[in-house]
Amino acid sequence: MSHLSVGDTIPEGTFRYVPYSPELENGLACGVPVTLSTNDWKGKKVVLFSVPGAFTPTCHVNHLPTYIQKYDEIKAKGVDVVAVVAANDPFVMSGWGRVEGVKDKILTLSDADAKWSKEIGLEKDLTAAGMGIRTARYALVLEDLVVKYVGVEPGPGVTVSGADAVLAKL
């Protein structure tokens, strides 16, 4: 399948994540994963960006931090939900979010085995690098489950999926 395009409705999918709570400030707390359905985004404006892996150099230094820095600007554009997704498990995603300081601002979603990303044609095979099948680096702007912007990185680095590119499309 080719990847999603502007005007497409996203397929239904589910993600696991650990909701933020003050108890998670203790580095030994793990939290309890819950399930989020894409149907929860009906009637909402959502920015969803994807990284190949939590704690990996580009994702950890150049991608998620820009969304944290631009969070207030993104929300000021009427965005209801900002979320990052990766093929890591929900505990790793939660740990990454805590290290990055996202608290309750950005949802850190687990797309185990890149299942949903495969469904939308945006998985990436990093087997040669020892990482298996991952989510590609991309960003989506959704309004009532309809794609308004899709930015898929053509190569290494963060350009069309970064916070500045998404802000320009809101």
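This is a predicted model: local features need pLDDT of at least 70, side-chain atom pairs count only at pLDDT 80 or more; totals for chains, interfaces and linings use all residues.
1. Residues are numbered from 1 along each chain as its sequence is written, and side-chain values use heavy atoms, with hydrogens and water left out.

2. Aspartate 89 caps the N-terminal end of H3, with a side-chain oxygen 2.8 Å from the backbone nitrogen of phenylalanine 91. After the helix comes glycine 101, whose phi is positive, near 80°.

3. Buried residues in H3 are Pro90, Met93, Ser94, Gly95, Trp96, Gly97 and Glu100 (buried means under 20% relative accessible area, exposed over 50%, partly exposed in between, with a 1.4 Å probe and protein chains only). Methionine 93 has a relative accessible area of 0%, which is why it counts as buried.

4. The second largest pocket holds about 240 Å³ of space. Of its 17 lining residues, Val18, Tyr20, Arg98, Val102 and Lys103 are the closest to the centre. (On a 1 Å grid over the protein atoms alone, a pocket is an open set of points where a 1.4 Å probe fits, with protein on both sides within 12 Å along at least five of seven lines; lining residues have an atom within 4 Å of a point.

5. Aspartate 111 deserves a look, in the loop between E5 and helix H4 (115–119). Aspartate 111 is buried yet has no salt bridge, and lysine 115, the nearest side chain of opposite charge, is 8.0 Å away (a salt bridge puts a side-chain nitrogen of Lys or Arg within 4 Å of a carboxyl oxygen of Asp or Glu; Lys and Arg count as positive, Asp and Glu as negative, with His and the chain ends not counted).

6. Please also check the loop between strands E8 (138–143) and E9 (146–152), where aspartate 144 sits. Aspartate 144 has a positive phi near 55°, and leucine 145 has one near 75°. Most residues other than glycine have a negative phi. Aspartate 144 is partly exposed because its relative accessibility is 46%, whereas leucine 145 is buried at 10%.

How values were computed
Grid points are joined across faces, edges and corners, and a volume is the space filled by probe spheres set on the points. Helices (H or I, at least four residues) and strands (E, at least two) are DSSP runs, numbered from the N terminus. A polar contact is a pair of N or O atoms within 3.5 Å; within protein, one must be able to donate a hydrogen and the other to accept it, and residues adjacent in sequence count only if both atoms are side-chain atoms.
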